[in-house]
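Try each task by eye before you read its solution.

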Amino acid sequence: MEPFEYVVVLISLILGLGVAQLLNGVADMLAQFKKTKFSVAHSIFIVVLFLVFFQEWWYTYQYSKQIDQWTESIVMALMIFPIVLFLLARFMFPTGSRSQETDLDSYFRENWRWLYGIFSSTILISIFHNVTISGFSLVEQIPLMLYFTWYVVFISLNIQNQKYHNIFQVAQLLLWIYFFALVDNGMLN
């Protein structure tokens with residue numbers, strides 16, 4: 001077994017657990033569809049998060065070509081992103097004493113700062129990986145830095161208006177769809 005194959009099993013396991021969290025949360029809410037009060041921003045954020053999980057799983061294969069010498073520190077650095085994604089997937093839905101809660105609009109309004117904060121940390125981790133592991137320049141990271149900045153603006157200004165969250169999440173979804181269209185056409189390979 002090659003070192004990459006050994007490492008990718010653990011990364012894929014964590015990513016799979018995160019996707020399972022998202023799918024379980026969606027299934028639970030759909031099972032209680034008539035009682036559930038959905039949030040547009042929260043629902044779109046779930047779709048975006050699923051796309052991020054897929055993108056991370058897909059991009060992980062690139063490390064087989066980018067990393068010649070596998071070390072514990074490289075493996076630990078690569079593990080951070082899927083672990084944070086898993087935690088975010090877990091926090092996307094009410095859990096524990098709130099697990100029976102079906103008001104996702106209220107849940108999102110109460111927790112969006114935490115959700116955005118965790119997600120924005122994945123952008124920083126991505127920038128770190130891109131520069132230190134994948135060998136991209138800081139200049140090439142400007143789009144991700146701007147993406148991170150939008151999250152910082154929402155968090156630091158404590159934007160409460162749900163309309164702005166809806167617009168932000170729709171824009172984010174369109175950005176990810178655009179990204180996947182470019183990747184699918186081979187333009188970013």
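Keep in mind throughout that this is a predicted model.

**Exercise 1. Asn130**

Work out which helix Asn130 lies in, whether Asn130 is buried or exposed, and which residues Asn130 contacts beyond its close sequence neighbours.

Solution. 
- Step 1: Asn130 sits in helix α5.
- Step 2: check the accessibility. The relative accessible area of Asn130 is 12%. The cut-off for buried is under 20%, so Asn130 counts as buried.
- Step 3: list the partners. With neighbours within four places in sequence left aside, Asn130 is in contact with Gly135, Phe136, Gln141 and Leu144.

**Exercise 2. α5 against α6**

Asn130 also turns up in a helix pair. Describe how α5 and α6 pack, using the angle and the distance between their axes.

Solution. 
- Step 1: get the geometry. The two axes are 9 Å apart, and α5 and α6 pack at an angle of about 160°.
- Step 2: name the arrangement. Angles over 145 degrees count as roughly antiparallel, so α5 and α6 are roughly antiparallel to each other.
- Step 3: The crossing of α5 and α6 is left-handed.
- Step 4: find who makes the contact. From α5, the residues include Trp112, Tyr116, Phe119, Ile123, Ile127 and Asn130. From α6, they include Leu144, Tyr147, Phe148, Tyr151 and Phe154.
- Step 5: sort by class. The contact of α5 with α6 has 13 nonpolar, four polar and one charged residues.

**Exercise 3. α4 and its two partners**

Solution. 
- Step 1: take α4 with α5. As for handedness, α4 passes α5 in a left-handed crossing.
- Step 2: look at the side chains of that pair. Among the α4 residues are Phe81, Leu85 and Leu88, and among those they meet in α5 are Tyr107, Leu115 and Phe119. The contact of α4 with α5 divides into 14 nonpolar, four polar and no charged residues.
- Step 3: turn to α2 (residues 40-60) and α4 (residues 72-91). The crossing of α2 past α4 is left-handed.
- Step 4: list the contact. On the α2 side you have Leu49, Val52, Phe53 and Glu56. On the α4 side you have Phe81, Pro82, Leu85, Phe86, Leu88 and Ala89. By class, the contact of α2 with α4 has nine nonpolar residues, no polar ones and one charged.

**Exercise 4. The largest nonpolar core**

Which residues touch the most other members of the largest nonpolar core, and which helices each supply at least two residues to this core?

Solution. 
- Step 1: The core has 51 residues, and Leu49, Met92 and Phe119 touch the most other members.
- Step 2: At least two core residues come from each of α1 (3-31), α2, α4, α5 (104-132), α6 (142-157) and α7 (162-184).
- Step 3: Not counting residues up to four places away in sequence, Met92 touches Leu22, His42, Phe45, Ile46, Leu49, Tyr107 and Leu115. Leu49, one of those partners, is itself among the residues that touch the most other core members.

**Exercise 5. Phe4 versus the α6–α7 loop**

Compare the setting of Phe4 with that of Asn158 and Asn161.

Solution. 
- Step 1: start with Phe4, which lies in helix α1. At 13% relative accessibility, Phe4 is buried.
- Step 2: find what Phe4 touches. Beyond residues up to four places away in sequence, the partners are Thr60, Tyr61, Tyr63, Ser64 and Trp70.
- Step 3: move to the loop between α6 and α7, where Asn158 is placed. Asn158 is partly exposed at 32% relative accessible area, and has a positive phi of about 50° despite not being a glycine.
- Step 4: finish with Asn161, also in the loop between α6 and α7. Asn161 is partly exposed, with a relative accessible area of 37%. From Asn161 to Ala171, ten residues apart in sequence, the C-alpha to C-alpha distance is 16 Å.

Definitions and conventions: Residues numbered from 1 in each chain as written. Predicted model: local features only at pLDDT ≥ 70, side-chain atom pairs only at ≥ 80, totals over all residues. Heavy atoms only, no water. Left-handed = near helix turned anticlockwise from the far one by under 90°. Helix = DSSP H or I, 4+ residues; strand = E, 2+ residues; numbered from the N terminus. Contact = heavy atoms within 4.5 Å. Nonpolar A, V, L, I, M, F, W, Y, C, P; charged D, E, K, R; others polar. Core = buried A, V, L, I, M, F, W, Y, C linked by side-chain atoms within 4.5 Å. Buried < 20%, exposed > 50% of the residue type's maximum accessible area, 1.4 Å probe, protein only. Axes fitted to C-alpha atoms, helices over the stretch in contact; angles between N-to-C directions. Parallel < 35°, antiparallel > 145°, perpendicular 65-115°, else oblique.
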